[in-house]
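Here is a report for a reader new to this structure. Start with the picture, then read on section by section.

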Amino acid sequence: MLTHLPTWTTDRVELLKSHFEAGLTCREIAASIGVSRNAVIGKLARLQLTRGPARAEPRPTKAARERSRKSIPRLQYQILQAVYENAQPLQEEPIASERRCSLFELSNERCRWPISTPGAEDFCFCGNTPIEGMPYCSGHHRLAYRPGSRQRVVRG
Ligand SMILES: [Zn+2]
């Protein structure tokens, strides 16, 4: 018997519309009319009664706001990481080898850091005045005994 009774009688549809226009929630409308909330939602959809995008929008916007807020620390981390990685090569000052010399000109008073590739036509040595007791000038000494990895381990 019940299956023959339409859920949405003309009266109920009118009630639905007026409640909807009054701004009642689907749950309130359902309770007032005496149907399920799903029935109200379904009927509203069929009647193309929506409260417009203004009401639906705050949700995704808020979610988006939260997403962007959460991503900030990660972004900061990435920036810091990039800065750190880029800073590594910048710490090395360019070494001016103004007294380049050949293998035969090398002496204890000349930095023996090879410039370019051994065997290449322009192959020579740095020739700068070395640090006392060291084979390299200060710049190449830094390169040769680069503290990089070792120091980081000690610090850690
Ligand atoms: Zn040198």
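## Ground rules

A residue counts as buried under 20% relative accessible area, as exposed over 50%, and as partly exposed in between (1.4 Å probe, protein chains only). This is a predicted model, in which local features need pLDDT of at least 70, side-chain atom pairs count only at pLDDT 80 or more, and totals for chains, interfaces and linings use all residues. Residues are numbered from 1 along each chain as its sequence is written, and side-chain values use heavy atoms, with hydrogens and water left out.

Helices (H or I, at least four residues) and strands (E, at least two) are DSSP runs, numbered from the N terminus.

## The zinc site

Which residues coordinate the zinc ion? Cys111, Cys126 and Cys137 each give an SG atom, and His140 gives ND1. The distances run from 1.9 to 2.3 Å. Donors are N, O and S atoms within 2.8 Å of the metal (3.2 Å for Na, K and Ca); water is not among the atoms, so sites may look incomplete. The angles among the four donor atoms are 102 to 116°, and the site is tetrahedral. Ideal angles for four tetrahedral donors are 109.5 degrees.

Along the sequence, the donor residues follow the spacing C-x14-C-x10-C-x2-H. Cys111 sits in the loop between helix 5 (58-90) and strand 1 (114-115), and Cys126 in the loop between strand 2 (124-125) and helix 6 (138-144), so this pair ties together parts that are 15 residues apart in sequence. Cys111 is buried, at 0% relative accessibility. Cys126 is buried too, with a relative accessible area of 0%. Cys137 is buried at 3%.

How many disulfides are there? The count is zero, where a disulfide is a pair of cysteine sulfur atoms within 2.5 Å.

## Aromatic pairs

Rings of Phe, Tyr and Trp (its six-membered ring) pair if their centres lie within 6.5 Å; planes under 30 degrees apart count as stacked, over 60 as edge-to-face and the rest as tilted. The count comes to three aromatic pairs. One of them joins Trp113 and Tyr136. Their centres are 5.4 Å apart, with 75° between the planes, and the pair is edge-to-face. Trp113 lies in the loop between helix 5 and strand 1, Tyr136 in the loop between strand 2 and helix 6, so the pair ties together parts that are 23 residues apart in sequence. Trp113 is partly exposed, at 22% relative accessible area. Tyr136 is buried, at 18%.

The rings of Phe123 and Phe125 have centres 5.1 Å apart and planes at 70°, so this pair is edge-to-face. Phe123 is partly exposed, with 25% relative accessible area. Phe125 is buried, with 9%. Ring pairs also link Trp113, Tyr136 and Tyr145 into a cluster.

## Helix 3 and its packing

Which residues of helix 3 are buried? They are Val40, Lys43 and Leu44. Seen down the helix axis, the buried residues of helix 3 fall within an arc of 100°, so they line one face of the helix. The arc is that of the directions from the helix axis to the C-beta atoms. The face turned away from the buried side of helix 3 carries the exposed residues Asn38, Ala45 and Arg46.

The buried residues of helix 3 pack against helix 1 (10-22) and helix 2 (26-33). Ala30 lies in helix 2. Ala30 is buried, with a relative accessible area of 5%. Leaving aside neighbours within four places in sequence, Ala30 is in contact with Val35, Ser36, Arg37 and Val40. Contact means heavy atoms within 4.5 Å. Ala30 and Ile41 are eleven residues apart in sequence, and their C-alpha atoms are 8.9 Å apart in space.

## Two positive phi values

Most residues other than glycine have a negative phi. Gln48 has a positive one, near 55°. Gln48 follows helix 3, in the loop between helix 3 (37-46) and helix 4 (53-56). Gln48 is exposed, at 70% relative accessibility.

Ser116 is not a glycine, yet has a positive phi of about 65°. Ser116 is found in the loop between strand 1 and strand 2. At 34% relative accessibility, Ser116 is partly exposed.

Technical notes: Tetrahedral: all angles 85-135°; square planar, octahedral: opposite > 155°, others 65-115°.
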